[in-house]
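Good morning, and thank you for coming.

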Amino acid sequence: MAGRGSGGNVVAALCSFFIPGLGQLLQGRPFVGLIHLVIDILLWIFWLGWLMHIYSAYSAAVFDPDRLD
C-alpha cells in the first residue's frame, strides 16, 4: 500500500469500517487486524462495537508505512 492519504488507505478504511481489522489485513498488518477484530467482538457484548468500527477505519485511513505503529 502507498503512504498516508493514498487511495489504498481509503479502501482499507472502508473495509475496516464494515469489518474491523480487514483494512489492516489488506495493509499487511495481520496482528493489528486480528486485535481490532477481537476487541470489536468483545465490545459488541456491551453494544459498543460500533466504536471499534470507527476507530479501525480511522486507523487504516491514517496508516503511514514509513512510521512505526
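Of the contacts in the protein chain between residues at least 6 apart in sequence, 53% join residues at least 24 apart; a contact here means heavy atoms within 4.5 Å. Please note that this is a predicted model, in which local features need pLDDT of at least 70 and side-chain atom pairs count only at pLDDT 80 or more, while totals for chains, interfaces and linings use all residues. Residues are numbered from 1 along each chain as its sequence is written, and side-chain values use heavy atoms, with hydrogens and water left out.

The protein chain contains four helices and zero strands, in the order α-α-α-α along the sequence. Helices (H or I, at least four residues) and strands (E, at least two) are DSSP runs, numbered from the N terminus.

Of the 69 residues in the protein chain, 32% are buried. Buried means under 20% relative accessible area, exposed over 50%, and partly exposed in between, with a 1.4 Å probe and protein chains only.

Let us turn to Asn9, in helix H1 (residues 7-18). Is Asn9 buried or exposed? Asn9 is buried, because its relative accessible area is 1%. Its side chain reaches the backbone oxygen of Ala61 at 3.4 Å, and a polar atom of that side chain lies 2.9 Å from the backbone oxygen of Phe63.

Finally, His53 sits in helix H4 (residues 49-61). His53 is also buried, with a relative accessible area of 14%. Leaving aside residues up to four places away in sequence, His53 touches Ser16, Phe17, Phe18, Pro20, Asp40 and Trp44.

Notes: Polar contact = N/O pair within 3.5 Å; in protein donor to acceptor, adjacent residues only side chain to side chain.
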